[in-house]
Structures are given as C-alpha cells and as structure tokens.
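Here's a quick briefing to read with the model open beside you.

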Amino acid sequence: MGPMKKALMVWGGWDGHDPKNCVDTFVPVLIENNFEVKVSNTLDSFLDVKELESLNLIVICWTMGTITPEQEKGLLTAVKNGVGIAGWHGGMADSFRNNTEYQFMVGGQWVAHPGGIVKYRVNIIDKQDPITKDIEDFDVESEQYYLHVDPSNNVLATTIFHGTDDIFWIKGCVMPVVWKRMYGKGRVFYCSVGHTAKDFTIPEAKEIVKRGMLWASGSII
C-alpha cells in the first residue's frame, strides 16, 4: 500500500454550510485510503509552516470569515510549494471574500445561487479523467452555484442554468461544477456540490470529491 500520507482538514466559518459534518463525512474516506488525518477548526493551523510542509493534502471547509495575512501566506506558500488542496461548495470557493490571491489559487469565487435550493443536473464533460471516469451525469437538489471562474481551470463537469423570470439573462449559461488546476507546484481540486453533508449522500458527488482529494494529494495521477 505504500507509506501513509498526511492530510489536514480545516473547518469553520458560517455554520449554514454544515462544515463539521461535511468534513466528518470524508475523514473515514481518507483513512480508508491510507491517510493519517488531522482535523482542526482554527485557521492558526496554517501558521505551522513545518507541519504544513509535511502534508500531502489540505482540505478546507470554511465559508466566509476572515484570514490573517500570516495565515493566508502559510496556506498559499504550502500549496505553491507542492501540497495539494481540495474542497467543495462555499467551504472553498466562498471562504475569504477579500483575499484575491486565495481566490486565484482556488480558480473561482461564488457570486450567486439563483433560485436557492433547486433541482439541477451535473454533466460530466471529461469522461477520461481519473476523477470523473465511469461516472454518469447525475441530478442534485441543492444550491446551484453561479461562480466567477478562471479560464485556466481544467473543467471536468458542468451544469446549465435555466434562469427565472427575474434572472432571465443567465438562461442557457453553462457553468463549471468540478475542476482541477495547478497553483505553483500544488494540485488544486474543487467541486461546487456540497451545500450540506446531505449532498454527499449522492454517490456520484461523494465519489468525485473522494477522487479529487486523492488526485490533489498525488495518490492518483
């Protein structure tokens, strides 16, 4: 099986995204895949440079909130130097609204979820990538994220917005749902599904996030 890998999962911020339960959903998944997992609910975890450098994976689940310059520098430097990072929904793409360098790393930023909780379809557009291989399109009833996204992302899955009478101009818009990218030497994975832990009862969503974490850590190529 090879040497154990190390993961740090950091949760907090706005409680509405069920951060602890979401993280707790994936702790056993990582353990089953030969990870030693540390769970933290403080951004001060990003100040321990030596500890961060020893990691293979950081999972962040922290909606809104603020991060100090020192905490942000620790996190971004670790990823830039090769530590993988993975996350979902607002826990990664709506974490620190004033921190554009953090958003540059993520590859996108939440701006709206038109209609609130809606039914939408996730379309797998890369059927060869190891993160989405053999996964079929699937339906979600949750927040459908409208994001501002980086054109350098490697997009693996998308969704189509149908618009409403008062938000008619986005009808037909194709929006990335799952992507991977690089930030320096670090692998970055993101999935916009994951409003609460309930979203991960959808087998396809949970499998994609699991594989995304493994990819970010270098466990799968």
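Contact here means heavy atoms within 4.5 Å. Helices (H or I, at least four residues) and strands (E, at least two) are DSSP runs, numbered from the N terminus. Keep in mind that this is a predicted model, where local features need pLDDT of at least 70, side-chain atom pairs count only at pLDDT 80 or more, and totals for chains, interfaces and linings use all residues. Residues are numbered from 1 along each chain as its sequence is written, and side-chain values use heavy atoms, with hydrogens and water left out.

**Helix 1 against helix 6**

- On the helix 1 side, Thr25, Phe26, Val29 and Leu30 meet Lys206, Val209, Lys210 and Met213 of helix 6.
- By class, that contact between helix 1 and helix 6 has 5 nonpolar, 1 polar and 2 charged residues (Ala, Val, Leu, Ile, Met, Phe, Trp, Tyr, Cys and Pro count as nonpolar, Asp, Glu, Lys and Arg as charged, and the others, Gly among them, as polar).
- The axes of helix 1 (residues 19–32) and helix 6 (residues 203–216) come within 11 Å and cross at roughly 55°; axes are lines fitted to C-alpha atoms, for helices over the stretch in contact, and angles run from 0 to 180 degrees between N-to-C directions.
- That makes helix 1 and helix 6 oblique to each other (under 35 degrees is roughly parallel, over 145 roughly antiparallel, 65 to 115 roughly perpendicular, and the rest oblique).

**Helix 3**

- Gln71, Glu72, Gly74, Leu75, Leu76, Ala78 and Val79 are the buried residues of helix 3, where buried means under 20% relative accessible area, exposed over 50% and partly exposed in between (1.4 Å probe, protein chains only).
- Those buried residues of helix 3 pack against several elements, including helix 2 (49–53), strand 3 (57–63) and strand 10 (174–183).
- After helix 3 comes Gly82, with a positive phi near 125°.

**Thr158**

- Look for Thr158 in strand 9 (residues 154–160).
- Its relative accessible area is 9%, so Thr158 is buried.
- Leaving aside neighbours within four places in sequence, Thr158 is in contact with residues that include Arg121, Asn123, Val174 and Pro176.

**Gly194**

- Gly194 sits in the loop between strand 11 and helix 6.
- Gly194 has 1% relative accessibility and therefore counts as buried.
- Apart from neighbours within four places in sequence, Gly194 is in contact with Cys22, Trp88, His89, Asp199 and Phe200.
- Gly194 and Ala205 are 11 residues apart along the chain, and their C-alpha atoms are separated by 8.0 Å.
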